[in-house]
Amino acid sequence: MSTVSLPQDESRQLAPPSGRHPADPHGRPGVEDALPLESLRIVPARHPGRWAATAVVAVLLAMVVSSLVTNERWEWDVVATYLTWPSVLEGAWATIRLTLVASVVGFALGTVLALMRLSRSPLLQSVSWTYTWVFRSVPLLLQLLLWYNLAYLYPHLSLGIPFGPELVWFDTLSVIDKFWAAILGLGLSQAAYSAEIVRAGILSVDQGQQEAAASLGIPRRRQVSRIILPQAMRSIIPTAVNEVIGLLKGTSIVYVLAYGELFYIVSVIYGRNGRVVPLLIVASIWYLVLTTLITVVQYYVERHYAKGAVRTLPPTPLQKARWTVLVWASRLSGRPVPPSVPPAYAARARVGVLTRTARTAGGAA
Amino acid sequence: MSAPVTDTTTPAAGAAGLVEIHGVHKSFGTLEVLRGVSLTVRPGSVTVVLGPSGSGKSTLLRAINHLEKVDQGFISIDGELVGYRRKGSTLRELKEREILGQRTQIGFVFQSFNLFPHLTALENVVEAPVSAQRRRREDVEPEARELLARVGLADKADARPRQLSGGQQQRVAIARALALRPKVLLFDEPTSALDPELVGEVLEVIKDVASTGTTLVVVTHEIGFAREVADTVVFMDEGVVVEQGTPAEVLDHPRHERTRAFLQKVL
């Protein structure tokens, strides 16, 4: 009856030692009691509570989907039109640019501030502390407006010797345009938060690591860049990505400078055509897409820095998918699992074969 | 061990690794951990430091490597002061970079291994010769592989520390310290964090290093190792050297009551 033959050695491997059989439910000692364990039918556990909860959530989901489809006020056709509208794409690109540059500025400066805070010089420590205090305290919106009005305080900027002659002159208004005012606002306040994140990461690395590096005579800068920071990254990355995502959405605040990022662009469009909700949906979809991209990048960056912290790296989603397909293929075809599949996955296929054989055998008996 | 391997780690003839410690004091807060320690370690000798925990053994070892700055007294390696430079009648404190330079002559093996977990065994060994001694990676790598082979881990070059047992990790740590070709090698309880069955493999490697003529100072509780390998056994208690001598003298015929009491407890 069974088309799948279970190899003898495998069945011995999987079955518990025979000799002790569960008591017969009907109190009839005899034929069933003598059956070997591996021929018994396996009844999976039932979960009525889980089924009920699943049904409730399924109904709720159906309601949401149906309202999304049937409520015409969502105006999905308008959403579809504006999703790839050239000026919306430009706005999305501006948002990406702002996020990238502000992240780089924020984390570069934040790392410097963290190292200053951990240095042995009291002046460097207190400057770093004060910076963090000021930039975490003043609202971002206010900072943006202040930077944009820098020309009022300093009409001209110049490079030169401190307290000495000036060598190069700039007109503040020509240097600090909307983009750079936004970068200054976003980046400098981001630095204050990043500094604390990087500092926490550095503190999380075992003191022995720095000692070992020092005992080997490794230069100070190399100790930080090669030994301490790579290990700190493991605890820095999750929080840092949180910050980058916060920054991505935070760029929408730059609309106060009338800079053409995503949110400013859609607000201009709905100001003109009055389709407020569909255009807000357009912006939401774009923020969702960009956040998803960041999350995917985070996964792989975290995996990179997990080297050495775990014995075996967790599989990527692609690997998982491939192995699952191979395991199912072998369960259905009865052929052995290819050796490229790790044992933990391959075992699932064997368990499947066992229960199937057991059921058919039990049914026959 | 094979001849070419020995060449990479044996110090050049003449440069020997004489460690002199004069009246060293060290306090942590109000606790005085070292209270006037003087000790001379002969070049190429193996010195085992014994003593109850809190006796200052580890602090003394860390002071030799200037991981701890002493409050009073001096330590020198081959007549060169650790952490200072003599200029006429003044002693100038060395800058961090110069101290790091001095440390490349003194290897240190930690109780908790302190391997760099994100680097492979080979990268752990290669790192310091390249970044501290500015040697070329291509020259260092074959040497590093030989060192790993010497500690019995030729096949683990690409493994990361978490994939190795404690004994294997400590052997990599010894290879890492040897890669700098130090004159003096300091071991701070190298087997205390290991399962009993792994202690032997690490002690074998230390014995092998001892036979190459590098000066070794080993803080340990392994009395058997001291008896077999040490030229000198030093017993410390409460921040001072209580007595020192050959293993036979100190371990079998201790002159001080405190030494006797300690040995009775650990044997």
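## Chain A as a whole

Of the 365 residues in chain A, 32% are buried, where buried means under 20% relative accessible area, exposed means over 50%, and partly exposed lies in between, with a 1.4 Å probe and protein chains only. This is a predicted model, in which local features need pLDDT of at least 70 and side-chain atom pairs count only at pLDDT 80 or more, while totals for chains, interfaces and linings use all residues. Residues are numbered from 1 along each chain as its sequence is written, chains are lettered from A and ligands numbered from 1 in the order in which they are written, and side-chain values use heavy atoms, with hydrogens and water left out.

The secondary structure of chain A consists of 16 helices and 2 strands; helices (H or I, at least four residues) and strands (E, at least two) are DSSP runs, numbered from the N terminus.

## One residue of chain A

Thr130(A) lies in helix 6 of chain A, which covers residues 122-137. Its relative accessible area is 32%, so Thr130(A) counts as partly exposed.

## Chain B as a whole

In chain B there are 10 helices and 12 strands, and buried residues make up 57% of its 267 residues. A compact globule with 267 residues would have a radius of gyration near 18 Å, and chain B agrees because its own value is 18 Å; the radius is taken over C-alpha atoms, and the globule rule is 2.2 Å times the number of residues to the power 0.38. Along its principal axes, the C-alpha trace of chain B spans about 50 × 50 × 35 Å.

Among the contacts in chain B with a separation of 6 or more, 67% are between residues 24 or more positions apart, a contact being heavy atoms within 4.5 Å.

## An open sheet in chain B

Four strands of chain B form an open sheet in the order 2-1-4-5, with antiparallel pairing, where two strands pair if DSSP finds at least two bridges between them. The edge strands, each pairing on one side only, are strand 2 (31-41) and strand 5 (80-81) of chain B.

Strand 4 of chain B (residues 72-77) is joined to strand 5 of chain B by 2 bridges, and these strands run antiparallel. Ile77(B) stands opposite Glu80(B), which is in strand 5 of chain B.
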